[in-house]
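Here are my notes on this one, as numbered points.

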Amino acid sequence: MNGQVLMFVSLFALDAVYCQASYSIREEMSRGSLVGNIAQDLGLEVRRLISGKAKIYSRNNEDYIELNREKGILLVKERIDREALCAHDALCALHLEIILENPMEFYSVTVEITDINDNAPSFEKNEMKFKISESANVGAKFLLERAVDLDVGINNLQNYELKPTDNFALKMQNNADGNKNVEMVLQKPLDREKEEQMSLVLTAVDGGEPRMSGTILILITVLDVNDNSPVFTQPVYKTTVAENSPLGTVVGTVSASDADGDSNSKISYSITNTRDNIRNIFVVDKEKGQVSLIGNIDFEKSRQFQLHLLASDEGGLTDSCKVIVDIEDVNDNKPIINIMSKSNVVSEDAEMNTAVTMINTEDLDSGENGNVNCFINENIPFVLKISKDKFYTLVTDGELDREKSGEYNITVTCSDEGVPSLSSSVTLNLHISDVNDNKPVFDRSSYVASIVENNSPGVSICTVKASDTDWNQNARVSYILEDSSVNGGPVSSYVSVSAESGVIHAVRSFDYEQLKEFHFHVKAQDGGSPPLSSNVSVAIKIQDTNDNGPQVLYPVQTSSSVLAEMVPRSADVGYLVTKVVAVDVDSGQNAWLSYKVHKTTDRALFEVGLHNGEIRTIRQVTDKDAVKQRLTVVVEDSGQPSRSATVIVNVAVADSFPEVLLEFTDFNLHDKEYNDKLTFYLVLALAVVSFLFITSLLLIISVKVYRWRQSRILYHSNLPVIPYYPPRYSDTLGTGTLPHVYNYEVCRTTDSRKSDCKLDRTASHNLLVIDPTLTRTMPIRQSEKNILDEPDSPLEQKPPNNDWRFNQGPRPGPSGPHMPYGTHIRWTPKSGTRAAGGPEVAMGTGPWPQPPTEAEQLQALMAAANVSEATGTLGPGTMGLSTRYSPQFTLQHVPDYRQNVYIPGSTATLTSNPQQQQQQAMAQQASQQALPPPQQGQPEPPKAAQTPASKKKSTKKEKK
């Protein structure tokens with residue numbers, strides 16, 4: 001890239017600097033390519049570009065160049081196509097303005113776009129056809145179509161080549177406009193009999209690097225004799241037409257003649273231009289030669305058109321001419337107003353001649369139509385001054401007062417000098433910044449508000465509002481409660497004021513009977529510096545509500561004695577018995593009282609005055625009337641909602657005082673006794689409920705503690721776990737089964753203390769099981785509690801040895817798959833295989849008894865200590881600790897676990913002495929006589945050694 005910088009500086013009174021810089025770049029440069037270092041070329045620092053908010057302004061809104069403020073360079077923003085931007089203009093340039101603020105500076109930048117050879121010459125048509133007579137004279141000329149090359153300079157079209165050149169030669173003629181006419185000249189006579197059709201190729205070549213070319217095919221048909229060619233009356237025609245002329249306007253007429261006769265003298269006209277879209281704007285009548293408009297013409301786009309016309313006869317002979325059309329300018333463009341720099345806010349204390357806005361004007365018309373003058377509306381403290389050619393600056397021309405006018409809408413109007421004159425305008429909205437010179441003003445001189453008594457603390461009473469004619473922070477009003485006293489206390493204990501909104505809130509609940517009205521002051525203060533303020537008086541009036549019920553003054557109600565009014569039996573109708581006197585501390589309608597009888601012993605005897613509370617008789621008193629008369633009078637006020645009070649009036653219908661005293665003394669004692677009994681019953685009920693609650697709570701805690709201790713003993717004791725099974729079975733014929741029959745199916749791993757269990761519960765709670773001997777039956781109770789539900793279930797112990805199991809066949813009683821209720825327990829080791837397979841490991845069990853106590857476990861340990869005396873061994877059929885987990889077993893397989901100690905995983909049985917083994921063998925032999933004979937191959941059950949406790953128990957059974 002080659003760049004040149006041309007610069008000049010002009011100084012003005014408004015402290016604005018104007019400089020100019022020029023650069024030259026090639027077209028079609030990629031986006032982001034460097035144009036030039038504008039900061040270095042203009043002698044500016046990069047921070048000045050940033051602080052001055054440097055920006056690029058383009059008159060035609062061309063967005064091809066961008067400014068990088070951080071680096072101070074100009075970059076290509078979009079690819080630039082010189083042909084699309086400047087068409088065929090030899091000089092193509094972008095005119096930019098760089099504007100800086102604070103202070104205002106202007107820099108003109110011109111970026112010239114140089115051409116590259118990116119367009120090849122091209123013809124509008126692919127072929128041209130000629131009809132030439134064979135008698136055409138040597139030297140006859142035939143105008144050919146010119147090629148178009150959008151490039152300029154050396155890259156533009158330079159030469160033509162015609163092949164073959166046997167009969168025709170190529171001749172180029174330069175025009176005054178710099179274009180070349182291409183003519184094909186006949187060099188050798190044609191002979192139709194030898195060659196009727198001829199094909200030539202015309203090639204157009206430019207001068208760029210690399211060279212580019214375009215071709216067109218020329219087809220020639222040889223005709224018979226046509227001696228004369230058409231001839232135009234003049235080689236060049238000139239005409240003028242105004243821009244924006246309507247379509248169909250005749251621009252001019254051309255004429256040509258042919259000396260031949262008949263059909264050879266018939267001439268047709270055509271336009272041969274292949275560039276500038278001439279054929280889209282002009283058209284020529286083929287027979288009359290009239291040139292007319294078919295498109296819009298704009299002086300601002302093109303001021304002149306050159307048309308090349310061709311006249312041809314039927315014999316193929318032609319002639320050409322040129323038509324020059326000049327476009328007259330019409331004032332059809334309004335001035336364009338561009339805002340270069342603008343300030344939206346100006347302080348009201350700004351000095352004279354402070355620059356506010358700078359604008360630029362442009363009119364695309366020429367001459368007087370393009371001269372623009374600008375002005376603004378009158379009676380405003382601003383003036384528009386011209387600072388440069390087509391640049392105007394709006395400056396202050398007087399003192400500004402924001403309170404009089406805080407905003408100005410300045411209309412800038414620009415008009416040209418054309419006839420008729422055209423104008424355009426733009427409105428500038430300018431705000432005046434404020435100085436704090438006005439204090440807040442309340443919208444009222446004083447405020448009076450009311451609030452209903454018994455209000456909730458925090459409720460809003462009223463709102464004070466003050467406005468400040470200043471602006472922004474200076475107009476921000478805050479509300480402050482002035483210090484004062486109300487009934488000897490600070491006013492802040494009664495009301496509060498919101499600093500932002502001015503809403504007055506009640507701090508306490510007001511009582512009309514104590515405070516009916518109070519006054520205080522509120523100050524409004526703005527946020528200026530220094531702040532300004534004003535005060536206003538606020539009066540709060542308390543409104544009464546019906547919050548007090550009537551109070552009965554007479555008759556006085558006491559619990560110790562009963563007052564009664566005496567009415568003689570000779571009293572007439574309307575006799576005044578007494579008067580109920582009541583008052584209401586409320587005011588107004590809330591204090592209006594009314595009286596009525598609610599309940600009475602005899603409704604036909606007394607009445608009460610509605611408004612005065614006088615109780616009078618409504619009939620004559622008779623001897624049949626009871627001595628004791630009791631009236632319940634309701635005193636009600638007129639508030640909404642109303643409140644009431646009741647009073648009991650005792651009336652004695654008698655002529656003597658002793659009679660009255662006796663009756664009312666009994667009445668008083670009865671009421672007192674009734675009240676005492678009622679109090680006693682309430683206290684008793686409360687005590688009973690409290691006792692039941694505490695008892696239930698202690699019971700629940702005891703159960704939880706007991707279960708927790710049992711689980712701790714089972715899992716954390718160092719003593720071995722010794723199952724305990726009391727002999728709860730039937731003694732019929734020496735056999736029997738456990739009283740509860742279950743089938744459990746449990747799949748658990750050896751390492752899991754928490755496994756899923758499946759329990760098949762019984763279908764009935766009471767069942768009968770028939771003994772195998774058919775001698776007796778016994779009831780079966782089904783426990784509905786799953787032993788697996790307990791967190792410390794004994795099923796969580798180690799699985800039994802695989803050898804400790806019994807065959808299913810010889811067992812008596814309900815067992816195997818035919819048991820109606822049961823649970824099958826299967827232990828699964830980690831490897832996934834079962835420790836004991838098939839139903840042979842299933843044995844029936846009953847509800848588990850209580851585990852052995854610590855004393856019993858200690859006794860078992862003492863027996864286990866005598867290891868040297870152990871003599872017995874257990875075979876494969878011996879039942880050890882695995883019996884605890886066996887799903888089914890009969891009595892003959894149940895050893896006495898208080899006498900023997902079995903070690904899981906071992907075949908040894910620890911016994912106390914040989915004498916115990918002998919006694920146990922005798923007892924077992926007696927029990928086996930009552931059982932069916934065992935099947936062959938079944939191992940014998942283990943022989944349990946007896947303990948002293950078992951000896952005593954067996955002796956007692958023998959005696960029985």
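1. Start with Arg 82 and Glu 83, whose side chains form a salt bridge with the closest N and O atoms 3.8 Å apart. I use the term for a side-chain nitrogen of Lys or Arg within 4 Å of a carboxyl oxygen of Asp or Glu. Glu 83 counts as buried because its relative accessibility is 9%, and Arg 82 is buried too, with a relative accessible area of 1%. The cut-offs here are under 20% relative accessible area for buried, over 50% for exposed, and partly exposed in between (1.4 Å probe, protein chains only).

2. A word on what you are looking at: this is a predicted model, in which local features need pLDDT of at least 70, side-chain atom pairs count only at pLDDT 80 or more, and totals for chains, interfaces and linings use all residues. Residues are numbered from 1 along each chain as its sequence is written, and side-chain values use heavy atoms, with hydrogens and water left out.

3. How many salt bridges does a search of the whole structure find? The search gives 13. One of them pairs Arg 402 with Asp 434, the closest N and O atoms being 3.0 Å apart. Arg 402 sits in the loop between β30 (391-396) and β31, and Asp 434 in the loop between β32 (423-433) and β33 (441-442), so this pair ties together parts that are 32 residues apart in sequence. Both Arg 402 and Asp 434 are buried. For the element names, helices (H or I, at least four residues) and strands (E, at least two) are DSSP runs, numbered from the N terminus.

4. Next, have a look at Arg 476 and Glu 500, which meet in a salt bridge at 3.5 Å, N to O. This pair also links distant parts of the chain: Arg 476 is in the loop between β36 (466-467) and β37 (477-481), Glu 500 is in the loop between β40 (495-497) and β41 (503-506), and they are 24 residues apart. Are these two side chains buried or exposed? Arg 476 is partly exposed, with a relative accessible area of 44%, and Glu 500 is exposed at 55%. Going back to the pair in my opening point, salt bridges that share partners join Arg 82, Glu 83 and Asp 115 into one network.

5. On to the cysteines. The structure holds two disulfides, a disulfide being a pair of cysteine sulfur atoms within 2.5 Å. Cys 86 and Cys 92 form one of them, with their sulfur atoms 1.8 Å apart. The torsion about their S-S bond is about 65°, so this disulfide is right-handed. Cys 86 counts as buried at 11% relative accessibility, as does Cys 92 at 1%.

6. Another disulfide joins Cys 374 to Cys 414, S to S 2.0 Å. Its S-S torsion is about 110°, so the Cys 374 and Cys 414 disulfide is right-handed. Cys 374 lies in strand β28 (residues 372-376) and Cys 414 in strand β31 (residues 407-416), so the bond ties together parts that are 40 residues apart in sequence. Cys 374 is buried at 15% relative accessibility, and Cys 414 is buried at 0%. With the bonded cysteines of the protein chain numbered in sequence order, the pairing reads 1-2, 3-4. Two further cysteines to check are Cys 321, buried with a relative accessible area of 5%, and Cys 462, buried at 15%.

7. Which strands form the open sheet, and in what order? Three strands do, in the order β3-β6-β5, and the pairing is antiparallel. β3 (34-36) and β5 (65-68) are the edge strands, each pairing on one side only. The twist averages 40° from one strand to the next, with axes taken as lines fitted to C-alpha atoms, for helices over the stretch in contact, and angles running from 0 to 180 degrees between N-to-C directions. β3 and strand β6 (residues 73-76) pair over two bridges; two strands pair if DSSP finds at least two bridges between them. The bridge partner of Leu 34 in β6 is Leu 75.

8. Last, the surface. Val 581, in strand β47, is partly exposed, with a relative accessible area of 32%.
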